[in-house]
Amino acid sequence: MEFALALAPQVLVDGLVLGFMYALIALGYTMVYGVLQFINFAHSEIFVLGAFVGVEILLGLQGAGVLAGIPVWVLLPVLVAAGMAASGFLAVGVERVAYRPLRGAPRLVPLLSAIGISFFLQDAIRFLESIWRNAFYLTYPSLEGLDRRIQLGPALDISVKSLVVIGSSILMLVGLTFLVNKTKMGRAIRAVAQDPETASLMGVDVNRVISLTFLIGGAMGGAAGVLFGIQYSLISPYTGFIPGIKAFTAAVLGGIGNIPGAMVGGLVLGLLESFSASYLSLLTGGAFGAEYKDIFAFSILILILILRPKGLLGEVVGEKA
Amino acid sequence: MLEIEDLHVHYGSIPALRGISLFIPRGEVVALLGSNGAGKSTTLKTISGLLKPKQGTMRLNGERIDGLPPYAVVQKGVSHVPEGRRIFNRMTVRENLEMGAYTRRDGEIARDMERVFELFPRLAERCNQVAGTLSGGEQQMLAIGRALMSNPSLLLMDEPSLGLAPRLVEMIFRVIEEIRSRGTTIFLVEQNALMALSVARMAYVLETGQIVGSGEAAVLLRDPKVRQAYLGEPPESAENPG
């Protein structure tokens, strides 16, 4: 028991790192759902592209022998910004090519298109990396100082990179909240989510707002990709699937279409996962180990959704005339 | 101001407008009367660009606007109060009004919001309230105020009196008169023909997608056929009115 309590702060920190990552990815699902009522199943690959852009920059700098010379506080914002830009524009492009032409089609059709794009992007990244590096499992080079651990208490320490993940996630979530709630652009996004036809009567170019939504959602995913690479090092074109599914779950948990909901959902899922990974074997006397963490976390999720089918913060779309 | 010629609009293969032509002079209130399904809302939606005409032209001050997307029509000075109010339920009253001013870049937005509040003091009181919690009448005020925020030269109004208590209907029509007196042209779709004809200068009568009558509102008000069809008067003779 004492041991379990002593462990708690560490489990909390790990859960937060995971949770913020899910939250960032979940925003892409939930924002797109908000304006189109459509699940962008290619979002997991948009996230992965960010991770690959990050690793390519680092490997490129390493290859040129200059990586050690660049201070990490310069490098990190550049990596995140590059990942955001690449993923954001990829998301916009995917919408233009694969979703917009199907706007009037039955709902299942763009969904299939999204799954197709997801496979296509996985194999495109695999193909390009295989030609370019002769490998598609890539490892983030370790960066000076990021692996250092800061002692916060007797049984609690946190690595610098975890702090980076948490810090930059908070920064982006705050920025996005401000953008959506306090700016004209954000008002237009909310208006399109509530009633696209009436928004167009206000002078909003709905297609541009939809592109913008993909850009922002994709950029958040790209940032998450870079942070994922920094935190967990090993990436592949198929890395996106599990975090993608979990982030999607987080979005549903929080109330799909609801931006604060995606943030809350991501954090709840990350914490559940982290707590079950650490405590499952303690609680069950060793019958279930950490490998059952997903089953445990998702069981709780199902329970929450049975009690609150619209998610923790409620669904905010779907009142169309 | 607005000139429509031989406008045809289809929903899929079903014709909704079958070659209508009409003219809306600057500075006037023009009413469009007709029963349910006659094509009144279709006409407004086509003007504002929500529906694409199959054939025909629309000119605003001589400039073609048919085929323009809705956001471009707004920029030309046409504002549409849609049927059923269609306010943004989860935004505050103020945010709704700010959405109305979406296309504007000038510095007069705050002043125009004050003018909307003068027109509808109720909205000023509820400024920071979420619009979905307003009463039906207040939502209609908000829908009209929001449309005025784009500072339109032509205001399209779709059934502004629908579902409102008589006292509010009167109030809405007083406001329509007030908006006109400030120089905005109004194209008004109404089921309440008596009210519409009392505020309009001229009117068109639409039946199954075609204009079947038009004229000065005062003349139409005395027309026995119009009185019978739209003002609920019994037929004068034993003839079958249908």
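## A tour of the contact between chains A and B

Begin by selecting the contact between the two chains, which takes 23 residues from chain B and 20 residues from chain A. Keep in mind throughout that this is a predicted model. Between them, chain B and chain A bury about 2,200 Å², and 57% of that area lies on carbon and sulfur atoms. On the chain B side, select Arg86(B), Arg90(B) and Tyr102(B), the residues that lose the most area to chain A and that together make up 33% of what that side buries.

Next, turn to the charged and polar pairs across the contact. Four salt bridges are counted between chain B and chain A, and one to display is that of Glu95(B) with Arg190(A), in which the closest N and O atoms are 2.8 Å apart. The count of residue pairs in polar contact between chain B and chain A, with both residues at pLDDT 80 or more, is ten.

Now colour chain B by secondary structure and look at the side that touches chain A, to which α2 (70-75) and α3 (93-100) of chain B each supply at least two residues. Of the elements on that side, α3(B) gives the most, with four residues. Sorted by class, the side of chain B that touches chain A holds ten nonpolar, five polar and eight charged residues.

Staying with chain B, move to its strands and select residues 2-11 and 14-24, which are β1 and β2 and which pair in the antiparallel sense over eight bridges. Within this pairing, His10(B) stands opposite Pro15(B) of β2(B). The hairpin of β1(B) and β2(B) has two residues between the strands, and Gly12(B) in this hairpin takes a positive phi near 60°.

Finally, switch to chain A, where an unreviewed UniProt entry places the feature "transmembrane region" at residues 20-39, 46-64, 70-92, 104-121, 158-180, 209-235, 247-272 and 279-307. Two of these annotated spans can be selected in turn. Residues 104-121 of chain A are 78% helix and 0% strand, with the end C-alpha atoms lying 24 Å apart. For residues 209-235 of chain A, the end C-alpha atoms are 32 Å apart, and the chain over that span is 89% helix and 7% strand.

Notes. Residues numbered from 1 in each chain as written. Chains lettered and ligands numbered in written order. Predicted model: local features only at pLDDT ≥ 70, side-chain atom pairs only at ≥ 80, totals over all residues. Heavy atoms only, no water. Contact = heavy atoms within 4.5 Å. Buried area = accessible area lost by both parts, 1.4 Å probe. Salt bridge = Lys/Arg side-chain N within 4 Å of Asp/Glu carboxyl O. Polar contact = N/O pair within 3.5 Å; in protein donor to acceptor, adjacent residues only side chain to side chain. Nonpolar A, V, L, I, M, F, W, Y, C, P; charged D, E, K, R; others polar. UniProt positions renumbered as here; feature names shortened; annotations may be inferred. Pairing = 2+ DSSP bridges.
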